[in-house]
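The structure is shown first.

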Amino acid sequence: SRGLGDVYKRQIKYILEHPEKIHDGRARLLWLAIVPYLVMQGYSDVRVEEICQKWVEKTGEEWKSKYRCKVNAMLKYCREFEKNQGQKWMPITLERLIENFSDLAWLKEVIEN
């Protein structure tokens with residue numbers, strides 16, 4: 001079974017609940033982690049976009065077309081993947097995100113403290 005681990009769920013919930021601590025990497029977090037996580041939780045596309053918009057605005061950033069485009073593109077990708085593969089697209093783990101984007105290493109400290 002391709003479920004999400006408890007540590008991962010806690011990390012994403014923390015990011016969603018503490019947007020004020022996210023000062024960089026918002027688009028990547030939305031695209032690679034938050035949208036797939038919300039899709040796995042069973043949210044509709046409209047609700048996913050609403051949650052993402054509120055989250056971005058609470059980070060102090062304006063909800064720009066770059067965010068909307070990334071969210072909508074990832075929603076489409078997640079839905080197509082599920083339709084074609086018969087399983088949900090798994091969000092990237094934060095460890096993998098940091099491994100691929102070293103400029104986001106600060107996330108580890110934010111989430112652990």
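1. The model is predicted: local features require pLDDT of at least 70, side-chain atom pairs count only at pLDDT 80 or more, and totals for chains, interfaces and linings use all residues. Residues are numbered from 1 along each chain as its sequence is written, and side-chain values use heavy atoms, with hydrogens and water left out.

2. The largest nonpolar core holds 37 residues, with Leu29 and Cys52 making the most contacts inside it. Such a core is a set of buried Ala, Val, Leu, Ile, Met, Phe, Trp, Tyr and Cys residues joined through side-chain atoms within 4.5 Å; buried means under 20% relative accessible area and exposed over 50%, with partly exposed in between (1.4 Å probe, protein chains only).

3. Beyond its neighbours within four places in sequence, Leu29 is in contact (heavy atoms within 4.5 Å) with Ile15, Ile22, Ile34, Trp55, Leu94, Leu97 and Leu107.

4. Helices here are DSSP runs (H or I, at least four residues), numbered from the N terminus. Helix 3 has 14 residues and spans 20 Å from its first C-alpha to its last, close to the 20 Å expected at 1.5 Å a residue, where the expected span is 1.5 Å times one less than the number of residues.

5. Val48, Glu49, Ile51, Cys52, Trp55 and Val56 are the buried residues of helix 3. They lie on the same side of helix 3 because they cover an arc of only 165° around the axis, taken from the directions from the helix axis to the C-beta atoms. These buried residues pack against helix 1, helix 2 and helix 4.

6. On the face of helix 3 turned away from its buried side are the exposed residues Val46 and Lys58. Just after helix 3, Gly60 adopts a positive phi of about 95°.

Terms used: Helices (H or I, at least four residues) and strands (E, at least two) are DSSP runs, numbered from the N terminus.
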